[in-house]
Amino acid sequence: MLKSPPRSPADLSLELLRENAILRGLVPGDLDEFVREGEIIELKVRDPIYVAEAVIDEVYFPIDCVLSVVTRMKEGGMIEVGTIGREGCSAVPLLMGARTTANDCFCQVPGTVIKLSAEAFHRVRNANPNFRALLDRFFQGYVNFLGQLAGCNRLHSVYERCSRWLLMSNDRVDSETIHLTHEYLAMMLGSRRSGVSIALSTLRRAGFIDYGNGRIQILDRNGLEESSCECYGVAREQFSGMLRPPKAL
């Protein structure tokens, strides 16, 4: 996989690890294996996490990036079926006892992740009941929100869904600037590019966002929340504060 070279293990501090919600729930001693075997990786847009039907041999814990899980159709189309930020990790197929999956996963919004081998992940999971409980909590929220997304994509406007997507990305990266093109957002939402462009233009005219050069800038978060559908609130509830970590660790 083509990614930036890992940083030195010495850079893998407890403070950095705790910016991921699952790892933040562990006591310092439980994090020893992550410090010892984990790697800090800087992901770029479209960097692969795992590929459909290939053995999954790495697990990624996002710090300030967003991963996208997508389904590809025979005619070449692609639609997002799940997203993962610092509330969780990329190990959803492994949590279900699988080694492969029918979906692809790649970096959607660039940033930092902690990478652990699947072997080390299973070793820590099997030895640590607290880690298993935190993973189960994330998995429950993830599955519950997948059902919400199915209804959202069928019943809510692209305008509302754009707002929801931007808010969730903002929560996950703690930045008002999101690196994303209209074309890519349309692909993630399963909508026509023209429809997404109209929705973003409407949000810009309302003063909620600005955009240009592959970036979307959030200017008025409260306005964006008012323009979003109910699904953003459901996401916040399902992940129970896991989306935005406390400022003081």
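This is a predicted model: local features need pLDDT of at least 70, side-chain atom pairs count only at pLDDT 80 or more; totals for chains, interfaces and linings use all residues.
1. Now look at the angle. Two packed helices are described by the angle between their axes and the distance between the axes. Helix α5 covers residues 118-127, and helix α6 covers residues 129-155. Their axes come within 5 Å and cross at roughly 105°. That makes α5 roughly perpendicular to α6.

2. Which strands make up the open sheet of three strands? The order is β1-β7-β3, and the pairing is antiparallel. β1 (39-43) and β3 (58-62) stand at the edges. Each has a single partner strand, so one side of each is left without a neighbour in the sheet. On average, and with direction ignored, neighbouring strands of this sheet are turned by 40° against each other.

3. Strand β7 spans residues 111-117 and pairs with β3 in the antiparallel sense. Five bridges join the two. To find one of them, look at Val59: its bridge partner in β7 is Leu116.

4. Next, the aromatic rings. A pair of aromatic rings is described by the distance of the centres and the angle of the planes. A search of the whole structure finds six aromatic pairs. One of them joins Phe34 and Phe61: the ring centres are 5.5 Å apart and the planes are at 85°, so the pair is edge-to-face. Phe34 lies in helix α3 (residues 32-37) and Phe61 in strand β3, so this pair ties together parts that are 27 residues apart in sequence. Are these two residues buried or exposed? Phe34 and Phe61 are both buried.

5. Phe121 lies in helix α5 and Phe131 in helix α6, so the pair ties together parts that are 10 residues apart in sequence. Phe121 is buried, with a relative accessible area of 0%. Phe131 is buried as well, and its relative accessible area is also 0%.

6. Phe34, Phe61, Phe121 and Phe131 are linked into a cluster by ring pairs.

7. Finally, follow strand β10, residues 215-218. Which of its side chains are buried? Ile216 and Ile218 point to one face and are buried.

8. Strand β10 has pairing partners. Strand β9 (residues 209-212) runs antiparallel to β10, joined by four bridges. Strand β8 (residues 177-179) pairs with β10 over three bridges, again in the antiparallel sense. Find Gln217 in β10: it is the bridge partner of Asp210, and it is also the bridge partner of Thr177.

9. Check the turn between β9 and β10. The two strands form a hairpin with two residues between them. Asn213 sits in this turn and has a positive phi of about 55°.

Methods: Residues are numbered from 1 along each chain as its sequence is written. Side-chain values use heavy atoms; hydrogens and water are left out. Axes are lines fitted to C-alpha atoms, for helices over the stretch in contact, and angles run from 0 to 180 degrees between N-to-C directions. Angles under 35 degrees count as roughly parallel, over 145 as roughly antiparallel, 65 to 115 as roughly perpendicular and the rest as oblique. Buried means under 20% relative accessible area, exposed over 50%, partly exposed in between (1.4 Å probe, protein chains only). Two strands pair if DSSP finds at least two bridges between them. Rings of Phe, Tyr and Trp (its six-membered ring) pair if their centres lie within 6.5 Å; planes under 30 degrees apart count as stacked, over 60 as edge-to-face and the rest as tilted.
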